[in-house]
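Reader: I would like to learn how to read a few features of a protein model, one at a time. Could you take me through them with the structure in view?

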Amino acid sequence: MSGRAKYRIAIVVSLIFGGHAAGGAMAADLAYKAVPPTPMFDWTGFYAGVHAGYGTGNGNSATVDPSALLALFPAVPGINPATSTTSPPFTLGVGQSGWLGGVQAGYNWQSGHTVAGIEADISASGIRGSATGAYALRPVFLVGDFDNYAGQVTVNQEIDYFGTLRGRLGYGGNGWLLYATGGLAWAHVKASLDSSHVRLTNNFPIAGLPAALDGHAATSGFNIGYAAGAGGEWAFAPQWSVKGEYLYLNLGRNVSLSIPGTSLAGGDIELHTFRVGLNRRFAP
């Protein structure tokens, strides 16, 4: 075979195998370009959902001073303050706890990984608490005779529904959202004071006692305060997500109450709430 023929065969082989290599590279490049990158999940838009959880915290405190009841006894035969005795003053603090459940709705805006939003919610609740304290009362009269009484005071407090209006700011990943939140909180609060007394001896009966020592007072109304907390949300489907959230609520001061020997001061009501929820997203 001549040198020229060998040269022509080499060119043909080179073209054949070179063409296959180029075609393979082109095919691989086309296959790579045919798979688009996965878009970032976008939290922008309206959403609404439901939630359930648990709340616990401190209510108001009642101050009990049994010695103040001595003033309720009649002037005749009169009380001897030097020899009459009562239990020392004490405080009854109310701890509250219970279930909660309700609905929420809001709107999110997302730019890059930053997600900002606003959310409103309302919850029915069984968050309530009570505290009871007992004391002794021994009035000694000027004529030297006396009676003994046992007294009991009960404080009740209940939050039957509450809600918040909060801003949210967080970091959104691929289907995940971690956020901080804070804003306005409000609640419908009920409170009551009750006292009852039992005569232990009957040395010097006085008409109307011990019923005159008993007391009852109740109030209900709306409290306004603030909420702050944090949470996380996961989109398990294009339009559905689940969330977990912690909120601290300071609900301000309740209306003060008083009955003979006992007063309920208007202190701050604090709650720690833990909830889980389900949201449905809508188009922005």
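Reader: In which strand is Gln110 found?

Author: Helices (H or I, at least four residues) and strands (E, at least two) are DSSP runs, numbered from the N terminus, and by that reading Gln110 is found in strand E3. Before going on, please note that this is a predicted model, in which local features need pLDDT of at least 70 and side-chain atom pairs count only at pLDDT 80 or more, while totals for chains, interfaces and linings use all residues. Residues are numbered from 1 along each chain as its sequence is written, and side-chain values use heavy atoms, with hydrogens and water left out.

Reader: How many helices and strands does the protein have?

Author: The secondary structure comes to one helix and 11 strands, and from the N terminus on the elements run α-β-β-β-β-β-β-β-β-β-β-β.

Reader: What is the average pLDDT of the protein?

Author: pLDDT is the predictor's confidence in each residue, from 0 to 100. Here the average is 86, and 85% of the residues score at least 70. Over residues 9-13, however, pLDDT stays under 50, and for these residues the model has one contact (heavy atoms within 4.5 Å) beyond four places in sequence. Residues 19-23 also stay under 50, again with one contact beyond four places in sequence.

Reader: Is Gln110 buried or exposed?

Author: Buried means under 20% relative accessible area, exposed over 50%, and partly exposed in between, with a 1.4 Å probe and protein chains only. Gln110 has a relative accessible area of 17%, so this residue is buried. Buried residues make up 41% of the 284 residues in the protein. Leaving aside residues up to four places away in sequence, Gln110 touches several residues, including Trp43, Val115 and Gly172.

Reader: Which side chains does the side chain of Gln104 join in polar contacts?

Author: A polar contact is a pair of N or O atoms within 3.5 Å; within protein, one must be able to donate a hydrogen and the other to accept it, and residues adjacent in sequence count only if both atoms are side-chain atoms. Gln104, which is found in strand E3 (residues 90-111), has a side chain joined to that of His51 by a polar contact of 2.6 Å, and it makes another with the side chain of Asn279 at 2.7 Å. With a relative accessible area of 4%, Gln104 is therefore buried.

Reader: Where is Ser123, and what is its polar contact with His51?

Author: Ser123 has its place in strand E4 (residues 114-138), and a polar contact of 2.7 Å joins its side chain to that of His51. Ser123 is buried, because its relative accessible area is 1%. The C-alpha atoms of Ser123 and Gly53, 70 residues apart along the chain, are separated by 9.7 Å.

Reader: Which residues line the largest cavity?

Author: Rolling a probe the size of a water molecule over the atoms shows where empty space is left. On a 1 Å grid over the protein atoms alone, a cavity is a set of points where a 1.4 Å probe fits but cannot get out, and lining residues have an atom within 4 Å of a point. The largest cavity is lined by Trp43, Gly45, Phe46, Tyr47, Asn108, Glu233, Asn279 and Arg281. Strand E1 (45-64) gives the most to this lining, with three residues.

Key
On a 1 Å grid over the protein atoms alone, a cavity is a set of points where a 1.4 Å probe fits but cannot get out, and a pocket is an open set with protein on both sides within 12 Å along at least five of seven lines; lining residues have an atom within 4 Å of a point.
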